[in-house]
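This briefing covers pockets, nonpolar cores and strand pairing in one protein model. Please consult the sequence and the structure alongside the points that follow.

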Amino acid sequence: MLLASVAMGFAQKSPAPERVWSVGPLTKSEPVMGIAFGAGGTTITGPHVNTQTGSIFAATRSVVFAGTRIVLASMVGMRRVEGAQNQEEVYQLLSLDAQTGEVKDTREISGFGSLKVFATNDAHVIVSGRSVLRLTPDLKDAGSFDYHAQGHKHGRVQNISPDGSTLGNATSPGFEFIDAHTLKATTLTDLPLVDTGVSSKAVVSDSPWWIKDYPKAKSFVTLTDEKGQHLIFHGDCSGRPVFLSDDRVLTASCKIARILDTHGNILKTITLHDPVSFAGVSQNGKRFALQVAVKHERFVVYSVDTGEPVAEVTPDDPGEEQSWTALSPDGSMIVVGSPLKLTLYRLP
């Protein structure tokens, strides 16, 4: 692979953002038991308030900007369903005024498994769980997607393109794109595919399909588009690859973040002293955020073009694994936190 240019960043002290507001608790959280895995074995901690930040995956799929609103999905309980083997989870959707943090609208949605929220580029919200709903910023129905309409037995929407135009649906096997406005689906491939990120025309995944060709590699990034599947990165550590735009892919794990083009050329390398993970990208493709954490969680916002840090945010109440985050469409603001405390910052 060609090395086009390398930017070394050590998350030096970046300009401080302006705190706009902090609100919370927004919903009533249930007490949960904690489980930690370490060198000494498994440790069980006592009951504590559930921050709902125990998953890196959920961190970028739980809160979004939608026009003049900020929408989030908070799990508020579980209940038994007649005829079902498992209890269903009950979520509360909340729509906040982006200027003040005031809760303007709420709506209850239930389902089995996690509930994910995504922002479209026309100021709507996609809610993905047992079904896929398109909602207005004030949580009114604006469309729905039927997983089985095209004859598929399975469906799973867990990613949206950075520009907010396209959802990815894993049909097991196969994969299709869903227009975020019309909710019309287009088949990409009939091959098995587990997506970690989508653009408006391609999918990336971290599946180890290439291990026979590169037996010493520990991680792989595969890009699938209309021309087929292509290996664009392999190495010691890459994490879950995601798109920053239609032509930029980010890998962030261990202590390194790399920006690749869709041919696998490394455009920027950001090296830090602590482990990193993806924390969001603005719809205009100009800024993205990384979580940097060992003992103290912090978020560093970078320029996609230069790979240089532009701001750093340290949450008042760090998440158990990773706090929820979302960048505004133009990258000028970032919301950080959980249902216990959510804070909006204006970035330099």
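**Pockets, cores and a sheet in a predicted model**

The largest pocket has a volume of about 650 Å³. Its lining comprises 34 residues, and those closest to the centre are Thr-60, Arg-61, Phe-278, Gly-280 and Val-281. The model is predicted.

**Largest pocket**

- Strand S24, spanning residues 276-281, gives the most to the lining of the largest pocket, with five residues.
- By class, this lining of the largest pocket consists of 20 nonpolar, 12 polar and two charged residues.

**Second largest pocket**

- A volume of about 390 Å³ is computed for the second largest pocket.
- Twenty residues line the second largest pocket, and Gln-52, Ser-55, Ala-58, Met-75 and Tyr-91 lie nearest its centre.
- Helix H1 (56-59), strand S5 (69-79) and strand S6 (88-97) are the elements that give two or more residues to the lining of the second largest pocket.
- The lining of the second largest pocket divides into eight nonpolar, eight polar and four charged residues.

**Nonpolar cores**

- The largest nonpolar core has 17 residues, of which Leu-244, Leu-250, Phe-288, Leu-290 and Tyr-302 touch the most other members.
- At least two residues of this core come from each of strand S20 (242-245), strand S21 (248-253), strand S22 (256-260), S24, strand S25 (287-292) and strand S26 (298-303).
- When neighbours within four places in sequence are left aside, Leu-290 is in contact with Leu-250, Ala-252, Ala-257, Ser-277, Phe-278, Ala-279, Arg-298, Phe-299, Val-300 and Tyr-302.
- Among these contacts of Leu-290 is Phe-278, a residue listed among the closest to the centre of the largest pocket.
- A second, separate core has 16 residues, including Leu-26, Trp-324, Met-333 and Leu-344.

**Open four-stranded sheet**

- Four strands form an open sheet in the order S16-S17-S18-S19, with antiparallel pairing.
- Strand S16 (197-198) and strand S19 (228-235) stand at the edges with a single partner strand each, so one side of each has no neighbour in the sheet.
- S16 pairs with strand S17 (residues 203-205) in the antiparallel sense over two bridges.
- Val-198 has Val-203 as its bridge partner in S17.
- In general, strands of a sheet pair through backbone hydrogen bonds, in either a parallel or an antiparallel manner.

Definitions and conventions:
Residues numbered from 1 in each chain as written. Predicted model: local features only at pLDDT ≥ 70, side-chain atom pairs only at ≥ 80, totals over all residues. Heavy atoms only, no water. 1 Å grid on protein atoms, 1.4 Å probe; cavity = no way out; pocket = protein on both sides within 12 Å on 5 of 7 lines; lining within 4 Å. Points joined across faces, edges and corners; volume = space filled by probe spheres on them. Nonpolar A, V, L, I, M, F, W, Y, C, P; charged D, E, K, R; others polar. Core = buried A, V, L, I, M, F, W, Y, C linked by side-chain atoms within 4.5 Å. Buried < 20%, exposed > 50% of the residue type's maximum accessible area, 1.4 Å probe, protein only. Contact = heavy atoms within 4.5 Å. Pairing = 2+ DSSP bridges.
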